[in-house]
Every structure is written in C-alpha cells, then in structure tokens.
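Work through the exercises below with the coordinates open. Each task is followed by a solution in steps.

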Amino acid sequence: MSVKYDTDRPIKVIKSLPEGIAECLPDGIADEFERRKFFMREAIKAAWASSSSGDVPVGCVIVRHNEIIAAACNERERNKCATSHAELTAIERACAALGGWRLVSCELFVTLEPCPMCAGAIVNARIPKVYIGAPDPKGGAAGGMFDLFSTGVNHKPEIYRDILKDDCSRLLTEIFKGKR
Ligand SMILES: [Zn+2]
C-alpha cells in the first residue's frame with residue numbers, strides 16, 4: 001500500500017536553518033551538532049512563552065527539511081487543560097500545516113524529555129527523530145522514568161539526548177527559583 005505523505009501545498013515556514021549552517025551539511029559531524037543546537041535554541045525560545053502564564057517552561061519545535069513548521073510551549077495553566085503540553089500542541093500544529101497525521105519527514109526538538117502522553121503522540125505521528133534537551137528522571141518516557149520506545153511499540157524513533165542540556169535544565173530551575 002502506498003501512502004501519500006505530506007501534501008504539495010505551500011507550508012508556512014516559521015524559521016529556516018541559516019545558510020551558514022545549512023551549507024555545511026552534511027559535510028561533518030560538527031555541523032550536525034551546530035544544526036541540532038540551532039533548533040534546540042529555537043525550542044528554548046518557545047519555552048519562554050510558557051512562563052508568562054505561570055506554566056513550567058517547556059518548548060518544542062518541529063522541523064521538516066531544516067525548516068521549523070510548528071512551535072509550541074507548555075500551556076496547561078494558560079489553557080486550563082491537562083493535554084496542553086508543548087509536544088502535543090506542536091504535533092497538532094505540524095499535522096495541520098502538512099495536512100496529514102504522518103510526520104514521517106519531520107524531526108521533533110523538545111527542551112524536556114517527553115512524558116508518556118507526548119511519547120505516545122510521537123509514536124502515533126511516526127516522527128522518526130527526536131532531540132531532547134534535559135532528561136526527566138521522574139516523568140520522562142524516553143528512558144528517564146521508563147522507555148516507551150523500547151516496549152515494542154509499532155514505531156521506534158531515533159532518540160538524541162542532552163542537546164544543550166544545561167541550558168534546557170536551567171530553564172526549569174530558573175522558573176522555580178522565581179516562584180519561591
Ligand atoms: Zn507531555
């Protein structure tokens with residue numbers, strides 16, 4: 001069965017990888033690290049939008065062909081909704097942008113290890129590559145608390161950890177410091 005993936009209609013690009021980095025690809029591993037850091041920085045920027053509503057700052061961007069097509073932050077408090085996690089909202093936006101639920105040409109960058117709900121959404125959206133900033137030993141479902149992706153689920157993404165880990169961890173500690 002052939003599956004039609006992304007549509008050919010124009011997709012609104014939020015931000016592209018700068019030329020300087022894009023030109024280097026895929027020449028060396030160092031450039032790939034720069035690329036990952038660039039998109040994780042964008043996820044960190046998205047996370048800051050959480051804090052104005054008192055939400056724990058978690059940010060997520062979804063990248064397709066080195067272009068950000070969706071960005072979101074944790075908005076549980078703002079929306080008074082338990083499912084308003086950054087990854088879930090970003091996945092919804094990416095599906096809407098592409099006109100389909102299979103995000104097989106996408107990569108997901110998130111500042112905090114996904115929870116079980118979001119890890120499930122990553123599986124369901126068939127996202128092939130996930131880049132994680134800070135680990136979450138208490139609630140993470142990508143190896144922190146347990147590893148959903150190793151349970152025999154029908155889709156197993158490649159996981160890349162510790163992308164700008166210190167910056168992503170600092171996001172969380174700074175906000176809690178501010179609340180005390
Ligand atoms: Zn989540």
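Two residues are in contact if their C-beta atoms, placed from the backbone, lie within 7 Å. The model is predicted.

**Exercise 1.** Among contacts between residues at least 6 apart in sequence, determine what percentage join residues at least 24 apart.

Solution. Take the contacts in the protein between residues at least 6 apart; 60% of them join residues at least 24 apart. For the setting, the protein has six helices and six strands, in the order β-α-α-β-β-α-α-β-α-β-β-α from the N terminus.

**Exercise 2.** Find how strand E4 (residues 106-112) is placed, and why it is largely enclosed.

Solution. Start with the pairing.
- Strand E2 (residues 59-64) runs antiparallel to E4, joined to it by five bridges; Cys60 has Val110 as its bridge partner in E4.
- E4 and strand E5 (residues 129-134) run parallel, also with five bridges; Glu107 is partnered by Lys129 in E5.
- With helix H5 (residues 116-125) between them in the naming, E4 and E5 make a right-handed β-α-β unit.

Then count burial: a residue is buried if 20 or more other C-beta atoms lie within 10 Å of its own. Of the 180 residues of the protein, 37% count as buried.

**Exercise 3.** Locate Cys60 in the largest nonpolar core.

Solution. The core has 50 residues, and Cys60 is among those with the most contacts inside it, as are Ala43, Ala90 and Phe109. Elements giving two or more residues to the core include E2, E4, E5 and H5. Leaving aside neighbours within four places in sequence, Cys60 contacts residues including Ala43, Ala90, Phe109 and Val110.

Methods
Residues numbered from 1 in each chain as written. Predicted model: local features only at pLDDT ≥ 70, side-chain atom pairs only at ≥ 80, totals over all residues. Buried ≥ 20, exposed ≤ 12 C-beta atoms within 10 Å, placed from the backbone. Helix = DSSP H or I, 4+ residues; strand = E, 2+ residues; numbered from the N terminus. Pairing = 2+ DSSP bridges. Right-handed = clockwise from strand over helix to strand, strands pointing away. Core = buried A, V, L, I, M, F, W, Y, C linked by C-beta atoms within 7 Å.
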